[in-house]
Amino acid sequence: MIARRRMYDKIRGGKTAIHMKELFRKICVLGDPAVGKTSLIRRYVIDIFDDKYIPSVGMKVTKKLIYLDEGSLALTLMIWDILGSKTRRFDSIYYKGVEGALIVCDVTREKTVDSVSNWITGMFEITGEVPVVFLANKIDLEKASTALKQQMSIFARSFKTESMYTSAKTGENVEDAFLSLAKKIVSKREVVMGEKNEEDRERTRVSE
Ligand SMILES: Nc1nc2c(ncn2[C@@H]2O[C@H](COP(=O)(O)OP(=O)(O)O)[C@@H](O)[C@H]2O)c(=O)[nH]1
Ligand SMILES: [Mg+2]
């Protein structure tokens, strides 16, 4: 992290004060069991893939720091994963404070596409409308059918966002998916809300 900041200083020529903004945002990854939510997060955060499927109950939060706006914005994503299948009991704790979500279905199982709208509705009841990005995952196993592509573009159009085709196994489009969501969250904040998260801060850093 420090190395990356130093690198940024170098790119900018060094020896200048850089105004740095830090934001913290909670996001979640939603979708039916076994669509690949945990695998996508693991691929994104630690860049590995594991074939084992170990459903267990609970939640896990993983952090990932990314730099946006040419390095002047340090955004920490707090990525909430549901382990195992969700119950209504979890809804409000899990969704509270969520500012964006990846909604995942599995290209090999049509049923998981049908539940996409339920996931969104359940979340919006608690979060209000927040940015989402739709993912059809496991694209390494099967090509997306024409019907699936049509459905994905309908989702994208209805929520004024994007749909993407990913593979947690090969890594295809995984980073882009999280990045796309992150950018939407940040730009929504600029347009609509101003800073509201208490942890957000601005500081001026003098490079070496
Ligand atoms: N081939 C392939 N398998 C995947 C992919 N993503 C997840 N899996 C497998 O699908 C199963 C369920 O994945 P997991 O991430 O645990 O799903 P979750 O229940 O949505 O968190 C596991 O066996 C994973 O290895 C993918 O992109 N390609
Ligand atoms: Mg999981």
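Of the 208 residues in this protein chain, 32% count as buried. Before going on, note that this is a predicted model.

First, the overall layout. The chain has seven helices and seven strands. Read from the N terminus, their order is α-β-α-β-β-α-β-α-α-β-α-β-α-β. As for contacts, take those between residues at least 6 apart in sequence: 73% of them join residues at least 24 apart.

Now one helix, H2, which covers residues 37-46. Is H2 largely enclosed or largely open? Seven of its ten residues are buried, so H2 is largely enclosed by the rest of the structure. The buried residues are Lys-37, Thr-38, Ser-39, Leu-40, Ile-41, Arg-43 and Tyr-44. After H2 comes Asp-47, and the phi of Asp-47 is positive, near 60°.

Thr-76 sits in strand E3, which spans residues 73-83. Is Thr-76 buried, exposed or partly exposed? A residue needs 20 or more other C-beta atoms within 10 Å to be buried, and 12 or fewer make it exposed. Thr-76 has 16 C-beta neighbours inside 10 Å, so it counts as partly exposed.

Which residues does Thr-76 contact, leaving aside its neighbours within four places in sequence? They are Phe-24, Lys-63 and Leu-65. There is also Ala-182 to mention. In sequence, Thr-76 and Ala-182 are 106 residues apart. In space, the C-alpha to C-alpha distance between Thr-76 and Ala-182 is 9.6 Å.

Terms used
Residues numbered from 1 in each chain as written. Chains lettered and ligands numbered in written order. Predicted model: local features only at pLDDT ≥ 70, side-chain atom pairs only at ≥ 80, totals over all residues. Helix = DSSP H or I, 4+ residues; strand = E, 2+ residues; numbered from the N terminus. Contact = placed C-beta atoms within 7 Å.
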